[in-house]
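Subject: Handover of a structure and its description

Dear colleague,

Please find the structure below, together with its sequence. I would be grateful if you would read the notes that follow it with the coordinates open.

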Amino acid sequence: MPRLLGVDIPNDKPTFISLRYLYGVGDFIARELCHKAGIDMQKHARDLTEEEVARLATLLERDYTVEGPLRRLITQNIGRLRHVRCYRGIRHGLGLPVRGQRTKTNARTRKGPKKTVAGKKGVKDLR
């Protein structure tokens, strides 16, 4: 398995598909990398030479923010929003949707599983 920036990329897939296993590399950037490095996109990752892997690694480090630095940058941006207590930062802190989605229904991905409130149904008035 070729290793790029500390990530093992799959052997049995074409290079442009394998490169997408890196955090921050999507379809467009993967194709662009293959073109810049002069590597056939359909060539399987197991067939890459050490020189080609080194070319890809230098291109990634020099021209793109991927993997660790990208994760760190995103975390710092969210931390800055939380620190200045802007609306988006508060929503991040509360674990609620940040971009204006509704929360009365849906939003289960951000809010987590339902928290059932005991005794809400069928409570009788004892007067």
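Predicted model: local features only at pLDDT ≥ 70, side-chain atom pairs only at ≥ 80, totals over all residues.

Residues are numbered from 1 along each chain as its sequence is written, and side-chain values use heavy atoms, with hydrogens and water left out.

Overall form

The protein chain contains 6 helices and 2 strands; here helices (H or I, at least four residues) and strands (E, at least two) are DSSP runs, numbered from the N terminus. Their order from the N terminus is β-β-α-α-α-α-α-α. The chain is more spread out than a compact globule, because its radius of gyration is 23 Å, well over the 14 Å that the globule rule gives for 127 residues. That radius is taken over C-alpha atoms, and the rule is 2.2 Å times the number of residues to the power 0.38. Along the principal axes, the C-alpha atoms fill a box of roughly 85 × 35 × 20 Å.

Of the 127 residues, 29% count as buried. Buried means under 20% relative accessible area, exposed means over 50%, and partly exposed lies in between (1.4 Å probe, protein chains only). The accessible surface of the chain is about 9500 Å², and carbon and sulfur atoms hold 53% of this surface; the areas come from the Shrake-Rupley method with a 1.4 Å probe, and for residues only the protein chains shown count as cover. Among contacts (heavy atoms within 4.5 Å) with a separation of 6 or more, 47% join residues 24 or more positions apart.

Charges and salt bridges

The chain carries 28 positive and 13 negative side chains, and the centres of the two sets lie 23 Å apart. Lys and Arg count as positive and Asp and Glu as negative, whereas His and the chain ends are not counted. Each charge is placed at NZ of Lys, CZ of Arg, CG of Asp or CD of Glu.

Side chains of opposite charge can pair when their charged atoms come close. With a salt bridge defined as a side-chain nitrogen of Lys or Arg within 4 Å of a carboxyl oxygen of Asp or Glu, the count comes to 9.

One of these joins glutamate 51 and arginine 55, at 3.9 Å from N to O. The two residues are 4 residues apart in helix H3 (residues 50–63), and so are separated by about one helical turn. Glutamate 51 is exposed at 56% relative accessible area, and arginine 55 is partly exposed at 30%.

A salt bridge also links arginine 62 with aspartate 63, where the closest N and O atoms are 3.2 Å apart. Arginine 62 is exposed, at 61% relative accessibility, while aspartate 63 is partly exposed, at 37%.

In helix H4 (residues 67–83), glutamate 67 and arginine 71 are 4 residues apart, which again means a separation of about one helical turn. Their salt bridge has its closest N and O atoms 3.8 Å apart. Glutamate 67 is buried, with 11% relative accessibility, whereas arginine 71 is partly exposed, with 42%.

Individual residues

Apart from residues up to four places away in sequence, glutamate 67 touches Leu5, Val7, Tyr21, Leu22 and Tyr23.

Lysine 13 sits in the loop between strand S2 (7–8) and helix H1 (15–18) and is partly exposed at 31% relative accessibility. Its contacts, leaving aside neighbours within four places in sequence, are with Ser18, Tyr21, Lys43, His44 and Ala45. The C-alpha atoms of lysine 13 and arginine 46 are separated by 8.4 Å, although the two are 33 residues apart along the chain.

Most residues other than glycine have a negative phi. Leucine 5, in the loop between strand S1 (3–4) and S2, has a positive phi near 50° and is partly exposed at 29% relative accessible area. Alanine 107 also has a positive phi, of about 60°. Alanine 107 lies in the loop between helix H5 (87–94) and helix H6 (108–111) and counts as buried at 17% relative accessibility.

With kind regards
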